[in-house]
Structure formats: C-alpha cells, structure tokens
Amino acid sequence: CNSLTSITLPDGLTSIGDRAFEGCYSLTSITLPDGLKSIGNYAFEGCSSLTSITLPDGLTSIGYRAFYDCNSLTSITLPDGLTSIGNSAFEGCSSLTSITSKNTTPPTVGNGYTFLGVNKSIPVYVPAESVEAYKSAKYWKGFMYIQPIDEIPSSIIDSTTGSITVRINNNKIVVEGTDNYIIYSISGQNLGKTESVEKGIYIVVVNGKRYKVIANK
C-alpha cells in the first residue's frame with residue numbers, strides 16, 4: 001500500500017501484526033489506539049515518510065525492526081509500560097533529535113543494532129530518579145546526554161508571548177521583540193545570537209525563559 005498517507009487504527013485493537021505496514025513509504029502519520037499492547041516485527045519498516053508517531057501508554061513491546069529505516073522520524077516518546085524493544089527496532093532512524101522514555105526501569109533493548117545510525121549525542125529524557133539506571137543500562141549507556149524529563153524545555157516552532165515572538169524559519173532562529181536572548185546548542189555551547197543553524201536541537205533563552213527549537217533541515 002505504497003500510496004497510503006495516513007491511517008487511524010480503531011479502539012479495541014491490541015496488536016499490530018508482523019509486516020503490517022512494511023514498505024508504506026508514503027505514510028506520514030498514524031494514530032494508534034490507547035489499548036494497543038504490542039507492535040510486531042517489521043511493522044513499520046521502510047516507512048521513510050513517517051515524521052512522528054505517538055505510542056500509547058498501554059504499549060508493552062516493540063518488535064524486531066519495527067521502525068527500521070524510518071529516517072524521517074524526528075522524535076519518539078516511549079510509554080511507561082514499555083518493557084522491551086526488539087533488535088534493530090529503530091536502526092536507521094537518522095533524523096531523531098530526541099528520545100523520551102517514561103519507564104523508571106530502562107526497557108530491555110534487543111541488541112547493539114537497535115539504535116544503530118541514531119546520533120548518540122541527542123538528548124535522552126528519562127524519569128529523574130532513573131537517570132543513573134539508564135546511564136548504566138546495556139545499550140542505553142551509549143547515549144551521551146541522558147537527562148531528567150523535568151528538564152525538557154518547552155518545545156516550540158512559533159511562539160508569541162506578549163510582544164515577543166520566537167520562531168524558526170528555513171533553519172534560521174528568529175527572535176522578535178527583544179534583544180535579551182541567547183542561543184545554546186543542546187550540549188550547552190553558547191552560540192550567542194547566531195541565526196543560521198544546522199539540523200539539530202537548540203535552546204533559546206529569552207528573558208530567562210527557555211525554549212527548545214528543532215531545526216529539521
């Protein structure tokens with residue numbers, strides 16, 4: 001079904017079978033029901049146009065190569081009930097700019113290929129009490145920046161507060177209405193008031209308030 005662009009799966013669905021949407025490379029969005037428990041092997045492999053997906057809280061397992069080569073995915077949030085992630089599940093997801101895992105216990109990761117091709121310098125947000133557990137967990141510890149979820153800054157593309165506007169346009173960070181701002185890289189490097197940025201995550205501090213800006217190109 002390589003012309004399928006979006007789909008909403010119905011309430012009552014508890015599992016997605018192996019290879020269900022494999023090769024649906026035009027699929028850009030999919031809505032999963034709250035009762036979903038498992039995603040099968042190869043389920044979304046090769047869905048290269050999929051930019052985001054919300055995994056429901058009841059999900060417990062993600063199968064082998066489930067999101068293999070979904071190279072347009074920019075972020076994923078793993079629910080607190082997720083206990084296992086299969087081999088190569090996110091291999092080739094090279095556009096990921098952040099991962100959030102809500103489970104206080106690090107989900108079991110299949111092998112070293114599960115996140116192969118994912119930039120290990122992107123932030124991984126986890127429950128505050130679990131930061132050290134993730135830093136020592138097999139395959140999770142390969143990520144350089146594991147941080148508490150409560151430190152996630154507000155995520156914006158275009159935000160207006162009073163007379164101040166912060167937005168991103170063609171990978172240029174634009175702040176209007178004040179000169180009191182500083183741009184930081186996600187690793188904390190002070191970039192001053194630079195405007196043109198490369199693909200990645202940046203923190204814009206405006207009058208003491210922090211925003212996360214994602215440059216996707």
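**Exercise 1. Find the residue in β17 that stands opposite Ile183.**

Solution. Ile183 faces Val204 of strand β17. The model is predicted; local features need pLDDT of at least 70, side-chain atom pairs count only at pLDDT 80 or more, and totals for chains, interfaces and linings use all residues. Residues are numbered from 1 along each chain as its sequence is written, and side-chain values use heavy atoms, with hydrogens and water left out.

Next, place the strands. Strands are DSSP runs (E, at least two residues), numbered from the N terminus. β16 covers residues 181–185. β17 covers residues 200–206. The two pair in the antiparallel sense, over five bridges. Pairing takes at least two DSSP bridges between two strands.

**Exercise 2. Sort the residues of β16 by face.**

Solution. Start with the rule. In a regular strand, side chains alternate between the two faces of the sheet. Now apply the faces. Tyr181, Ile183 and Ser185 form the covered face. Ile182 and Tyr184 form the uncovered one.

**Exercise 3. Give the strand order of the open five-stranded sheet, and name its edges.**

Solution. The order is β2-β4-β5-β7-β9, with parallel pairing. The edges are β2 (15–16) and β9 (108–109), since each pairs on one side only. Then check one pair. β2 and β4 (residues 38–39) run parallel, joined by two bridges. Ser15 has Ser38 as its bridge partner in β4.

**Exercise 4. Decide whether Gln147 is buried or exposed.**

Solution. Locate Gln147 in β11, residues 145–148. Its relative accessibility is 17%. Buried means under 20% relative accessible area, exposed over 50%, and partly exposed in between (1.4 Å probe, protein chains only). Therefore Gln147 counts as buried.

Notes:
Helices (H or I, at least four residues) and strands (E, at least two) are DSSP runs, numbered from the N terminus.
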